[in-house]
Amino acid sequence: MKNKISVAAGTSKNNKTGAWRSYRPEIDFEKCTGCGICESVCPEPCISNSHKINKMGKEVRQIDYDYCKGCGLCAAECPFKAISMKIEKK
Ligand code: SF4
Ligand code: SF4
């Protein structure tokens, strides 16, 4: 019998998950080097290239808060400490 409770990975693009968040990742644009590591580790496809250039001349990443569930992986993996987790204001 098929399990009706489990949800396949990466499906939150179909279901906005932003309301679940307790913590919110924020990118410090001036620290971001545009390396893309956060984008590759995010379990949801909610980090993308903003195509905005910071003072270092790097294309910074942006977060789609409609779909970010606040897991913190991006902040943990950013080698430049450019992402910090802040308590979500409800
Ligand atoms: S991992 Fe950090 S430095 Fe790299 S693109 Fe993401 S926020 Fe920017
Ligand atoms: S907190 Fe999690 S879901 Fe949100 S952008 Fe970072 S890695 Fe993706």
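Student: Is Glu-88 buried or exposed?

Tutor: This is a predicted model, where local features need pLDDT of at least 70, side-chain atom pairs count only at pLDDT 80 or more, and totals for chains, interfaces and linings use all residues. Residues are numbered from 1 along each chain as its sequence is written, chains are lettered from A and ligands numbered from 1 in the order in which they are written, and side-chain values use heavy atoms, leaving out hydrogens and water.

Now to your residue: Glu-88 is buried, with a relative accessible area of 15%. (Buried means under 20% relative accessible area, exposed over 50%, and partly exposed in between, using a 1.4 Å probe and protein chains only.) Glu-88 forms a salt bridge with Arg-21, their closest N and O atoms being 2.7 Å apart. (That term means a side-chain nitrogen of Lys or Arg within 4 Å of a carboxyl oxygen of Asp or Glu.) Arg-21 sits in the segment before β1 (23-27) and Glu-88 in the segment after β4 (83-87), 67 residues apart. (Strands are DSSP runs of E, at least two residues, numbered from the N terminus.) Arg-21 is buried too, at 5% relative accessibility.

Glu-88 also has a salt bridge with Arg-24, at 3.4 Å from N to O. That pair again links distant parts of the chain, since Arg-24 is in strand β1, 64 residues from Glu-88. Arg-24 counts as partly exposed, at 24%.

Note on methods:
Helix = DSSP H or I, 4+ residues; strand = E, 2+ residues; numbered from the N terminus.
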